[in-house]
Structures are given as structure tokens and as C-alpha cells.
Amino acid sequence: MALKKENALEARILQDQLADLKAGLFVSMPISTMLSGLILTVQAFSGGGFAAAIWFLVVNAINTARLGLARYQLNETGDQGDLTGISQRLRWFGILALLSGFAWSFLAVLTVGYTTPQAPLHLIILAGISAGAVTYGSSYAAAAINFITPPLVIAMGCLLAKGNFEDYILAFAVLLFVGGLVRGSFVGQARFREASRLRHEAERLAAEMERNSREDHLTALLNRRGLEHAINQLENTDGPFVAMLIDLDGFKSVNDTYGHRTGDELLIMIARRIEQAAPAGSTLARIGGDEFVLFFPSFRSSLSPSTLASNIIAKVASPYREVASVRIGASIGIYLAERPGLTEMLLRADVALYTAKRRGRNEFRLFDAELDRELQRRQSIERDLHSAIEARRVAPWFQPIVRLDTEAVIGFEALLRWSHPIHGSISPPEIMTAARETGMLQLLTQTVFSDCCALIDGLVKADRRDVRVAMNVSPRELEAGDIDDMVLNGLAAKDLPATMFEIEITEESPVDPERLDEKLGRLSHAGISIALDDFGTGFSTLASLKDSRIRKVKIDQGFIRGLAKSREDRLLVKTVIDLGRALGIDVMAEGVETEADRQILYKLGCRTAQGFLFSKAVPLSQALEVTLKEHATEL
């Protein structure tokens, strides 16, 4: 491999020498013609015109041959990596230069051994054309040396033959001149070749860096940048085009169980399996940890996109001996595009992929008109979110949390509400997703917290310090952002009691558990209540109960609705209530909608709840009004 690279580099250097010789010849040959014409004119006036004419024709015939070689042979250099072929072309230039040198040697004959009165002029012209040959042929020393050596050596011999001291001195000067020109030729060639080598090595390094920037080093597939470049090359290719976004199912378990090295080896095997199933001439790229993109013009595949997706899923899902205890699958989103465009295709394929994943493992979905309407809706929501937040059209409403026996209000949970002018009511998860995608999650969180503080302030003024206000926070949001600072500084700035504020966190796996624990510790130490939301639907549920900072558990509404009709749900709810009582943790239920469910919950030992049975979420002013009326009634 190293020898091949060296040969390729040498071929490029020789190619540069050829190109430089060509450029030099188109300057030096016209000068040679003019100087030989000048000699012809001088000889004609001195009576030696016929011999000079023959000499002139020979010199310029050779010049014409050299120009012909430059014009035609160099235009068809063949394979630039053909080292032998390029060297042969250079040798032809050297041979023709030598012939030209012999032709110019006949100046000695025209001047009778440089003894005629015109000899000094001819010697000056010969010196000038020799220096020019070195100047314009510095890239290839052999050509310059072959040209200058015969005429100058013969001139030196003629001078020595005269036997005069002055001619000896002049011959010695010619010898020094020849030596200087020869040395200059070799130095010029060495510098030219070194400059050429450095340039080509720099180009090779740049090309290699460019290739590396487009390649996924683990699987040797294209990365996202390489995929974009490949797609751009197909702008003038007829469509339609197929883009498949392939996301692995269960891959995280491989890294967790076997380690990242095994995970990397598995990714390589999966990449090879997808390649085997892919149509000939397709483009496969790895654009994420376990995400691949397969792209190709539809005419390249004899299979329908659905059949091809099924084949790929079957290949990926086949067992791997190296990770026998883990089952790997794949979900695929497919988009058919008339014109190639990476951003558009990935966006739509991602929507289809997300829909496929909701069905379960090893599913695929084709982006269709229904999904297009869903995408348009999502984009509309994302586009309008910022102005809606600033105009307070997106704001938290507050759902009361009550005692099951008396239905007295003991707290509120802040729930996002947005009535979109086109799409109607937007669910809180949709709002959060749109905020996350558009980078407005922090602004939205600050808006919710600000309204929570306003409600707490109103409750304090109404002497209802027994009522808590809860705000939902994602563990990943808490871990990555500065929500703890916002809450602690915000409550302190408004002089609000931290004990009246509660943070509800869902049970999802954080990226950095230690950082999350640190932030939860700060909040809990300040007196803020930490509640575990949607209990029973997240990760490591029982382990979460051991955390001493958890003061409340909210049983997910999925276990509460229809509680009166489900013995299994009653057993689960009873178990959670008993666990909470044993660990000193408050247990409340969410999503209570019927009187029957309320009574069963109370019999099972649950004492607090929220749901439509008691009240829907209401605006801040109504929430404050509810507590004020209740307080007045108690008085």
C-alpha cells in the first residue's frame, strides 16, 4: 500500500514536470526561432546564407517537433498513475532537446570554429539561448542539460583550438558557465519536484480529511455529512427516491449488559446486514448512535419499499451469537421523495419512524397523507409557540388536589393549557415537545414557575399557607438546566415560603444521575417537596421509594380509571398505599373521575387525590378564588 502511494505521488510529480515543460516550450520555442532567424540574417549578409538557411530549417524543424509533442502528446497523458508512460514522455523531451543541442552545435561550422568576425555575436546568442533553456526547462534538468551541453562544449573546444591566451580564458569562462547552468538545472529540478511533492501531499491530506469528515469511522459507512454530499450528487437524477430511517430496538441493553466494545462490534455486524439487504447502488449511512439511513432511487430496487423494509427488519432481528441474551430489532420510517433533499426526507422519515415505534418492535411505516397532516400540525404548533407564550395564550392552569373525605383543597398542580386558533386544544406533552424542539423549553418553564409563584403569593396573602402548588419537571430538564437555581432564587426574591412549592418529577432515566441527585438534594434541603409523578409507569419504581427526599407518590391515572371494575388494579393500588405508609411517604391518586373510584380509594387507605370528579384545571384567578371561598366557609 505504501509503495502504491509512493508510485502515485511520483507519477503526479512527473505529470507536473511535463506540464511545466509544455508551458515553457510555448515561450522558449518562439524565442529560439527569432534568435535563429537573427543568425540567418547575419550569415546571409556575410556570404554564408545557404548553409545558414539549411541550419535554420533543421533547428526549427526540431522546434516544431518539440511543440508538437507538447501540444498533442501532453494533451493525452493517459493514466496519471502510469509511472512508466509518463517517464517515457519526459525522455522524448530529453531526446528532442539533445537533437536541438546538436543542431545549435553547427554554429561552430557556420563560424569556422568561431573564427569569423560574426563569431562573438553567435557566442552571445548561444549563451543567451542556453541560459533561457535552463530557465524555461528548470522542472526537468535532463532536457536543459541535453540542449546546452553539445553546443557549449564544442564552442569551448574551438576556443581552446585557437591556442591564444585570451581564448583559453574565454574557454575557461565557458566551462564555468556550463557548470553553473548544469548545477542550476539540477537545483531547479529539485526545487520544482519538492514543491510539487508538498503540494500533492497537502492535496492528498486535504482529500483524506475530507473523506474522513464524511465517513463513520466505526462502520466505514457514510456519516450525516457524507450522506448529504452523496444526495447532492443526485440532483439531476430522476426520481422518485426512497429514504429509509432505520432505528435499532433494544440496542441500549447491549451496551448496558455487554459493554460499549461489544456494542460497537454489533453495530458493525448490523451495518453489514443492512448492506446485504440494500439494493445495488444504494447509499447507506450511520447518522446517530443506532440510527441508519438507506437512500436510493426507486428504480434501483426490484422490491417495493415495504418488502425491502420487511427484509431489513428480518435480517437485523436475526439472532447474534455474541449477544445471545439480548434481542435486537429495528423500526423503519419510509419516505418517497420526488426530489432528493436530506433535511426534508429525514424529517418525514422520522415522523414515519416515530409512528412505527408506537406500534411496537420490528415495525415500519410509510409516510403518507395522514402523517403529512400530522407533520403540518406539528410544524404549525412549533411555529406559533413563541408568540403564544409571550401573549400568554400558553399558560398553566391549576387543578385542585383534595382530601378524599372532605374534598377540601390542599394543593394545586400546574398543567399547561393552549387553545390553538387552528388546531384547538394542544395537550401538555405536545407543548413540551414543541418547546424542546424549538429551544423554548426554558422560556416555557420560567412562565409556568412565574404563575406558580403568583398563586403562592395569593395564597400567602389569603393566609392559606397549608396549600401547596406543584409544577412538573422532567428529570432530564432538571439535570441539564438550571431549574434549581431558578426555583430557589425566584422564591427567595419574592419572599415566598419554599414549603408551599412542590416539584413533581416523572420516572425517566436521567443521563447523569449524580448531577440530578445533587440538584434534588438542594431543592429538598430548602424545604421544597419532591413528588414522584405517574408512579408505576416509569423506570426503577421500587428503587425510587428508597429515596428519602421523595415525600409524595402520585399513582398514575392508568391504575385509577375503572378501579371499581379491576381487581388487579385494586391490588396494585393497595400495595403502593401500604408501601407508602410503611415508608412514611404520602400517596395520592390522579385521574379520579367517578364516585365509585373515590370511595374505593378511600377504603384502600388513600387520603388525597385529583381528577375531574373534583375539578378540572382552572385559570390562576379561579384557583385563587376557590381557596378564598373555601377559607371563608371554614371561618
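How many aromatic pairs does a search of the whole structure find? The search finds 4. The model is a predicted one, in which local features need pLDDT of at least 70, side-chain atom pairs count only at pLDDT 80 or more, and totals for chains, interfaces and linings use all residues. Residues are numbered from 1 along each chain as its sequence is written, and side-chain values use heavy atoms, with hydrogens and water left out.

A pair of aromatic rings is described by the distance of the centres and the angle of the planes. Rings of Phe, Tyr and Trp (its six-membered ring) pair if their centres lie within 6.5 Å. Planes under 30 degrees apart count as stacked, over 60 as edge-to-face and the rest as tilted. One of the 4 pairs is formed by Phe241 and Phe295. This pair is stacked, with 5.6 Å from centre to centre and 10° between the planes. Phe241 lies in strand β1 (residues 241-249) and Phe295 in strand β3 (residues 291-297), so the pair ties together parts that are 54 residues apart in sequence. Strands (E, at least two residues) and helices (H or I, at least four) are DSSP runs, numbered from the N terminus. Both Phe241 and Phe295 are buried. Buried means under 20% relative accessible area, exposed means over 50%, and partly exposed is in between (1.4 Å probe, protein chains only).

The rings of Phe449 and Phe501 also pair. Their centres are 5.6 Å apart and their planes stand at 85°, so this pair is edge-to-face. Phe449 belongs to helix α15 (residues 441-461) and Phe501 to strand β10 (residues 501-506), so the pair ties together parts 52 residues apart in sequence. Phe449 is buried, and Phe501 is buried too.

Two helix pairs were examined next. Axes are lines fitted to C-alpha atoms, for helices over the stretch in contact, and angles run from 0 to 180 degrees between N-to-C directions. Angles under 35 degrees count as roughly parallel, over 145 as roughly antiparallel, 65 to 115 as roughly perpendicular and the rest as oblique. Helix α9 (residues 251-258) packs against helix α10 (residues 260-277) at about 140°, with the axes 7 Å apart. The two helices are therefore oblique to each other. On the α9 side, the meeting residues are Phe251, Val254, Asn255 and Tyr258. On the α10 side, they are His260, Thr262, Gly263, Leu266 and Leu267. By class, this contact has 5 nonpolar, 4 polar and no charged residues. Here Ala, Val, Leu, Ile, Met, Phe, Trp, Tyr, Cys and Pro count as nonpolar, Asp, Glu, Lys and Arg as charged, and the others, Gly among them, as polar. Contact means heavy atoms within 4.5 Å.

Helix α17 (residues 483-493) and helix α18 (residues 513-525) cross at roughly 10°, and their axes come within 10 Å. These helices are therefore roughly parallel to each other. Asp484, Asp485, Val487 and Leu488 of α17 make the contact with Lys519, Arg522 and Leu523 of α18. This contact divides into 3 nonpolar, no polar and 4 charged residues.

His420 sits in strand β7 (residues 409-420). Is His420 buried or exposed? His420 is buried, because its relative accessible area is 3%. Not counting residues up to four places away in sequence, His420 touches Ser380, Asp384 and Ile426. The side chains of His420 and Asp384 make a polar contact at 2.8 Å. A polar contact is a pair of N or O atoms within 3.5 Å; within protein, one must be able to donate a hydrogen and the other to accept it, and residues adjacent in sequence count only if both atoms are side-chain atoms. The backbone nitrogen of His423 lies 3.2 Å from a polar atom of the His420 side chain.

Arg91 is placed in helix α3 (residues 83-105). Arg91 is partly exposed, with a relative accessible area of 40%. The side chain of Arg91 makes a polar contact with that of Gln88 (3.0 Å). Leaving aside neighbours within four places in sequence, Arg91 is in contact with Thr84 and Tyr140.

Tyr114 has a phi near 60°, a positive value in a residue other than glycine. Tyr114 is found in the loop between α4 (107-110) and α5 (119-136), and is buried at 2% relative accessible area. Asp463 also has a positive phi, of about 60°, although it is not a glycine. Asp463 counts as exposed, at 53% relative accessibility.
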